[in-house]
Amino acid sequence: MADELIFYTHPQSRGRIVRWALEEVGASYDTQLVEYGTTMKGEDYLGINPMGKVPAIVHGGRVVTECAAICAYLAEAFPAAGLAPVADERADYYRWLFFAA
């Protein structure tokens, strides 16, 4: 499926931020749980995120890592959700989004 979205996370991680964003945009996604020190550092997952960290998403074959980057990506990939401001208001949006990260 070209628009398939896979969410890689661990229950005790910052992945909860991304799950919240996924729910806010109304995206359909598959959750893949990875374990610290084992599957997170395994060859398969390192192919997704070479830093061996969660969260990460794969959407339409594109990989996005880091909470703030994923949230910004989702806001733009699903514009109907209205999470990203209009273009001329994005300076403050990006400033505070990345400050929070």
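Biologist: How many aromatic pairs does a search of the whole structure find?

Modeller: The search finds five aromatic pairs; rings of Phe, Tyr and Trp (its six-membered ring) pair if their centres lie within 6.5 Å. This is a predicted model, where local features need pLDDT of at least 70, side-chain atom pairs count only at pLDDT 80 or more, and totals for chains, interfaces and linings use all residues. Residues are numbered from 1 along each chain as its sequence is written, and side-chain values use heavy atoms, leaving out hydrogens and water.

Biologist: What describes a pair of aromatic rings?

Modeller: The distance of the centres and the angle of the planes describe a pair of aromatic rings. Planes under 30 degrees apart count as stacked, over 60 as edge-to-face and the rest as tilted. Take Tyr93 and Tyr94: their ring centres are 5.1 Å apart with planes at 55°, so this pair is tilted. For Trp96 and Phe99, the centres are 5.3 Å apart and the planes at 80°, so that pair is edge-to-face.

Biologist: Where do Trp96 and Phe99 lie?

Modeller: Both lie in helix α4 (residues 90–100), three residues apart, about one turn of the helix. Helices here are DSSP runs (H or I, at least four residues), numbered from the N terminus.

Biologist: Is Tyr93 buried or exposed?

Modeller: Buried means under 20% relative accessible area, exposed over 50%, partly exposed in between (1.4 Å probe, protein chains only). Tyr93, at 18%, counts as buried, while Tyr94 is partly exposed at 29%. Trp96 is partly exposed at 47%, and Phe99 is exposed at 63%.

How values were computed. Helix = DSSP H or I, 4+ residues; strand = E, 2+ residues; numbered from the N terminus.
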